[in-house]
Amino acid sequence: MLPSRRQLLAPVLLASWAPGAARAQTWPARPVRLLVGYSPAGTTDIAGRLIAERLTARLGQPFLVENRPGATGNIAAEAVARSEPDGYTLYVTNIANAAINYTLFGPRMPVKPEDFAEVGLLMQVPNVIFVHPGSPANTLQDFIAMARARPGALNYGSAGAAAACTCRWNC
């Protein structure tokens, strides 16, 4: 039986890929910093620490998580944007710095989206709303109707302005 086209092309493709793979192994040659714009133990920090642990084991160089909380992640974002563009300072962020802050703060932002190059998506986290079990709101639609019927009467907690879980109703 004759070899398939895939079997014939496999050695050629492997040979053309291998030199690039060998070159890629020169990075990282030293420790890599992962800046997180939030306090330790939050979702973004945990994602950064999980990926740092795996990258350290896989690539043989330390990936060090450095928390720089404040200004809804803008302090860390600015530090990364101003760092040497050599691949040794990475930014682990969430939707706040990836999109929301630019809408909220506009020209007051210390950095712009074009100051960054996306490397990849680490995780997706659902956002949820909880109410007291005795509340008449059993669905999100119920909650919205209740908030609209009682403007200013409902209290809520959030991670802050620009956080992915901020309540934006006129509660």
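Select T26 to start: this residue sits in the loop between α1 and β1 (32-36). Helices here are DSSP runs of H or I with at least four residues, strands are E runs of at least two, and both are numbered from the N terminus. Residue numbering starts from 1 along each chain as its sequence is written. The model is predicted, so local features need pLDDT of at least 70, side-chain atom pairs count only at pLDDT 80 or more, totals for chains, interfaces and linings use all residues, and side-chain values use heavy atoms, with hydrogens and water left out.

T26 is exposed, at a relative accessible area of 59%. Exposed means over 50% relative accessible area, buried under 20%, and partly exposed in between (1.4 Å probe, protein chains only).

Next, show the whole chain. It has 5 helices and 3 strands, in the order α-β-α-β-α-β-α-α from the N terminus on. Of its 171 residues, 26% count as buried. The chain exposes about 11900 Å², 59% of it supplied by carbon and sulfur atoms; areas come from the Shrake-Rupley method with a 1.4 Å probe, and for residues only the protein chains shown count as cover. Among contacts (heavy atoms within 4.5 Å) between residues at least 6 apart in sequence, 65% join residues at least 24 apart.

Now colour by pLDDT, the predictor's confidence in each residue, from 0 to 100. The chain averages 81, and 77% of the residues score at least 70. Among the elements, helix α1 (residues 5-24) has the lowest mean pLDDT (44) and strand β2 (residues 63-67) the highest (98). Two segments stay under 50: residues 1-20, with 1 contact beyond four places in sequence, and residues 164-171, with 26 such contacts. Where pLDDT is low, the predicted coordinates should not be read in detail.

Move to S135, in the loop between α4 (95-105) and α5. S135 is buried, with a relative accessible area of 16%. Its side chain reaches the backbone nitrogen of A137 at 3.1 Å.

Finish on helix α5 (residues 140-149). Which residues of α5 are buried? They are F143, I144, M146 and A147. These four lie on the same side of α5 because they cover an arc of only 160° around the axis, taken from the directions from the helix axis to the C-beta atoms. Turn to the other side of α5, where Q141, R148 and A149 are exposed.

How values were computed: A polar contact is a pair of N or O atoms within 3.5 Å; within protein, one must be able to donate a hydrogen and the other to accept it, and residues adjacent in sequence count only if both atoms are side-chain atoms.
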